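Subject: Handing over the structure

Hello,

Here is the structure I promised to pass on to you. Please have it open while you read, and my notes on it follow below.

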Amino acid sequence: MFELSSSQCAVIQHPYSPGSTLKVVAGPGSGKTHTLLLQIRQLIAKGSVQPDEILVLSLTNKAVDNIIDKLLDAFQNDPHDTKNEVQINEVVSKIAVFTIHGLASRIVTENEGIVNIIEEDGWRGLLKLIPPDLHLGQCQLGGKNSILRPRELERIVRDYQTRRTAINKTSFMESLMAILRDSKVVTNDDLILSATNYLHVKSEQDPVSNEGITNDVLSKYKVVIIDEFQDLYPSLTPLIQKVAQNKELILFGDPNQSIYGFLGNNKLVMKSLESARPSSSFETLSLPDSYRCTPEIKSLAETMTGTRTLANPKSTSFMHSKPPCGIAPFFVNISDPVEELEWIVDQIAQLVCCSAKLSDIAILTRTNVQAKSVSEFLRSYGIPFEVLNSQPAWIEDKHIKFLIDLLRFCTLISDETNDQSPLTQHRTDFSSVIVLSSLRGIGSQTVQTLFNQSSRMKCSIWNLISNTPESEWRLTPSQRKKIKCVVKTMQFAAHSTQSATMTPLELVSELIGIAQEIGYSFEDSKQREQKVQLRERIIQMVKVIKLCENSKPEGTSLPKWFLATYFDQGIICHRQDKEAKNKQAGIVKISTIHSSKGLEFPIVFLMGEANSKLPLEKKVIYVGMTRARNLLYINNLRQANQKSVSLISPLEFGEPFWRYYNHDLDRHWKADKNQGLTKYNLLRKTYGLSTLQRTFSTLRSCIRKF
C-alpha cells in the first residue's frame with residue numbers, strides 16, 4: 001500500500017500485554033485501518049494470540065464493513081506468510097468482527113432466544129394502542145389538539161422505565177410495558193444492559209459452558225480492539241469494561257471526529273476506560289501521518305476548526321505527508337438553493353471533462369432533507385448517483401421492514417401454536433400490533449379494542465382473534481370480517497413459511513403474497529422508478545437469506561436464523577455489491593456529513609445551508625473537510641476564520657494539477673486541454689449549463705423539491 005511510517009511501526013510492533021490498554025489517536029487519512037489490520041496480523045504472526053482469540057468491535061456497520069472488507073487483503077499481502085489462499089481465508093474467518101450492538105444481540109439471543117429491537121416503525125405501531133385523551137403525567141396522548149410522534153413515545157417509555165419523570169403508574173402504561181417485556185421487545189439501551197447482565201451472571205458460574213458467544217467473550221478472546229473510540233457513549237461503558245476484563249484492550253480513534261455528542265459525552269467513556277486500569281498498564285500512541293488530504297486541505301481544516309495533530313513520542317523518523325497540489329479549497333456563497341445546485345452541476349461537468357470520474361465526486365450535506373433535494377436535482381439532469389446510508393438501503397426500506405415483521409409474526413405464531421407454555425403465550429403481541437397497524441382497513445380503534453380485550457382476558461392478541469368467539473372481540477361487523485381474513489391467512493402462513501424445503505426466493509415470494517392477501521399496500525411503488533427500486537431491494541433480501549441459508553447452524557430453521565442475523569449477513573452482501581459498484585465509473589456519491597465519516601473521496605462538495613441560523617459544529621466541519629483527498633469546495637459555510645480564495649474553473653487548473661490528481665489515484669493521464677474544453681462546451685450546449693436556457697418544465701420540477 002505505502003511505506004510504513006515510524007509511528008505506524010510503533011503501533012504494529014507494540015508487544016502483547018494482557019490486562020493493559022493501548023490508545024491509538026489516529027487523524028483522518030493517517031492509515032488507521034491499515035495499521036489496525038497489520039497489528040492484528042503481527043499479533044498472530046508472532047504467536048501472541050490465535051486468530052479466534054481476537055475480537056474487533058465498532059459502533060457502526062460502516063466501520064465494521066470497512067474492516068471486514070480489508071482484512072483479507074492485509075493477510076494476502078504479507079510477503080513473509082507462506083500460507084496458501086485457502087489457509088489464509090481460514091485464518092481470517094476466525095477473527096471475530098462485530099458492531100457493539102451486534103455482539104450484544106448475539107449474547108442476548110443465545111441466552112433467551114430471538115429478541116425484537118424496537119425501531120421507529122415499532123414505536124409508530126405502538127402509537128395505535130394509545131387511546132384518545134389519555135394523560136400520562138404532564139403529557140396528553142392522543143386527542144384532537146395533540147399529535148404524538150414515535151420519538152416522543154420512545155422518550156415517554158424510557159422516562160417511565162427509569163422513573164425520570166412524574167408519569168403516573170397507570171394500568172395502560174403497565175400493560176404497554178408488559179407487551180414490550182413479554183414480546184421480548186427491547187430498545188438498544190436495553191440490549192446493551194441485558195448483554196452486560198448475562199456476561200456478569202455467566203462469569204459467576206463455574207464451570208462456564210464450552211460453546212457459544214457468551215463463553216467466547218468471557219474466556220476465549222484475549223485481545224479486544226475497538227475502532228472509532230470517539231463514537232462510544234456512556235451507556236456502553238459497562239459492557240465494554242466487562243468484555244475487555246483481563247484482556248488487552250486496544251482503542252483506535254480520533255477525538256477531533258467525535259460528532260455523536262447527542263448520544264452522550266464520549267469523554268466520560270474514555271475517562272472510565274482509562275481509569276479502569278493502573279497508569280502503568282495504559283499507553284497512548286498517535287498516527288500523525290497524512291495519506292489522504294493535500295496539505296492545503298489539511299491545513300485549512302485544522303485552522304478553521306482549531307484542531308491539531310498529536311505527535312507520537314515514540315516516532316523518531318519518517319512521517320508521511322502528501323506533497324502540495326497547488327489548488328487550495330474554494331469557498332462559494334450562493335443563497336438561492338436552485339442556483340447553488342445549478343452551479344454544482346456545472347462544476348461536475350467541467351471536472352469530468354478534465355479526467356475526473358463521476359465516482360470521484362461526493363456531495364456532502366448537512367441534513368437528510370438536503371441530501372434528498374440534491375439527489376432529485378441530479379436525477380433531473382440524468383446524472384447517476386448513489387445516496388450513502390449508515391445501513392444498507394434494503395434494510396431501511398419500509399416495505400422490506402414490513403416483510404421482515406411479517407416473517408417474525410409467522411415464526412412467533414408457529415412457536416406459540418406448538419408450545420403452549422406460559423413463556424410463549426405473549427411473544428406474538430408486539431408483532432400482532434405492528435402487522436395489524438400496517439394494514440388497510442384496520443385503524444387505531446380496532447387495534448386498541450383488541451389490545452384492551454386481550455388484556456382483560458389475560459391472553460395474547462393472537463390467541464384472542466384465533467381461538468375465541470368473534471363476539472368476544474367487541475368489534476364491528478366490518479372490523480370482524482377484516483380480522484377473520486387476516487387470521488385465516490396467517491394460520492396458513494405460519495405453517496408455509498416454516499417449511500424446511502422452501503428456497504430463499506420461494507420464501508420471499510410467499511411473504512409478498514401473504515402481505516397482499518391480508519391487505520398490505522405497496523401502492524407508493526406503482527411508479528416505474530419506485531418499482532425498479534423495490535425490486536432491487538427484494539433481490540437484496542433474497543441474497544441475504546441465501547447467505548443465511550449457507551451459514552445457519554444445524555437444527556435451526558432458516559426464518560429464525562435470518563431474523564437473528566440479517567443485519568450481520570446484510571453487511572457481507574452490501575460489501576459484495578459495493579465491490580461491483582466500485583468497478584463502475586459513473587456514480588456521484590451523496591451523503592450527509594455524519595454518514596460520510598470514515599470515507600474518503602477525491603473531490604468533495606461540502607454544503608452548508610445559506611438560510612440556516614444554526615451553525616455547524618466545528619468537529620462536524622472538520623469531518624466533512626477531511627473526507628476530501630485532492631479538491632474541496634465549501635458552499636455556504638460562513639466561518640469567521642475562513643480565507644477567501646478566488647474560484648478557478650477546473651478547465652483552468654492546468655496540467656500540473658491534473659497530473660498530480662491522476663498520479664495520486666494511480667491512473668494513466670494524457671494532457672489534452674482542448675479536448676476537455678470541447679467536451680464541456682458540448683455538455684453546456686446540450687443541457688444549458690450556467691445559462692438561463694434550461695427548460696422551464698425541468699426547472700419547475702426541481703423547484704418543487706425545495
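Predicted model: local features only at pLDDT ≥ 70, side-chain atom pairs only at ≥ 80, totals over all residues.

Residues are numbered from 1 along each chain as its sequence is written, and side-chain values use heavy atoms, with hydrogens and water left out.

E228 has a relative accessible area of 11%, so it is buried. Buried stands for under 20% relative accessible area, exposed for over 50%, and partly exposed for what falls in between, using a 1.4 Å probe and protein chains only. K458 is not a glycine either, and has a positive phi of about 55°. K458 belongs to the loop between α19 (444-457) and α20, and with a relative accessible area of 74% K458 is exposed.

**Salt bridges**

Side chains of opposite charge can pair when their charged atoms come close. Here a salt bridge is a side-chain nitrogen of Lys or Arg within 4 Å of a carboxyl oxygen of Asp or Glu. The structure has 23 salt bridges.

One of them joins R41 and D78, at 3.7 Å from N to O. R41 is in helix α2 (residues 32-45) and D78 in the loop between α3 (61-76) and α4 (85-93), so to speak distant parts of the chain, 37 residues apart. Both R41 and D78 are buried.A second salt bridge pairs R480 with E470, whose closest N and O atoms are 3.6 Å apart. R480 is in helix α21 and E470 in the loop between α20 (461-467) and α21, so this pair ties together parts 10 residues apart in sequence. R480 is partly exposed, at a relative accessible area of 24%, and E470 is partly exposed at 31%.

R659 and E655 are both in helix α27 (residues 655-664), four residues apart, or about one turn of the helix. R659 is partly exposed, at 45% relative accessibility, and E655 is partly exposed too, at 41%. Salt bridges with shared partners also join K32, D227, E228, D231 and K597 into one network, and that brings E228 back into view.

**Helix α21 and its neighbours**

How do α17 and α21 cross? The axes of helix α17 (residues 398-418) and helix α21 (residues 477-496) come within 8 Å and cross at roughly 80°. Axes are lines fitted to C-alpha atoms, for helices over the stretch in contact, and angles run from 0 to 180 degrees between N-to-C directions. The two helices, α17 and α21, are therefore roughly perpendicular. Angles of 65 to 115 degrees count as roughly perpendicular, under 35 as roughly parallel, over 145 as roughly antiparallel and the rest as oblique.

On the α17 side the contact (heavy atoms within 4.5 Å) is made by L406, F409, C410, I413 and S414, and on the α21 side by M490, A493 and A494. By class, the residues of this contact of α17 with α21 are seven nonpolar, one polar and no charged. Nonpolar covers Ala, Val, Leu, Ile, Met, Phe, Trp, Tyr, Cys and Pro, charged covers Asp, Glu, Lys and Arg, and polar covers the others, Gly among them.

The axes of α21 and helix α22 (residues 504-517) come within 10 Å and cross at roughly 170°, which makes α21 roughly antiparallel to α22. C485, T489, M490, F492, A493 and S496 of α21 make this contact with E510, I514 and E517 of α22. It has five nonpolar, two polar and two charged residues.

**Nonpolar cores**

A nonpolar core is a set of buried Ala, Val, Leu, Ile, Met, Phe, Trp, Tyr and Cys residues joined through side-chain atoms within 4.5 Å. The largest has 71 residues, and L126, M490, M541 and F562 have the most contacts inside it. α17 gives the most to this core, with nine residues. Leaving aside residues up to four places away in sequence, M490 touches L406, F409, C410, I413, W462, I514 and I518. Another core, of 40 residues, lies apart from it and includes V338, L351, C354 and Y633.

**Helix α27**

Finally, a look at α27, where F657, W658, Y660, Y661 and N662 are buried. The buried residues of α27 pack against α14 (337-352), β15 (601-607) and β16 (628-635). D666 follows α27 and has a positive phi, near 60°.
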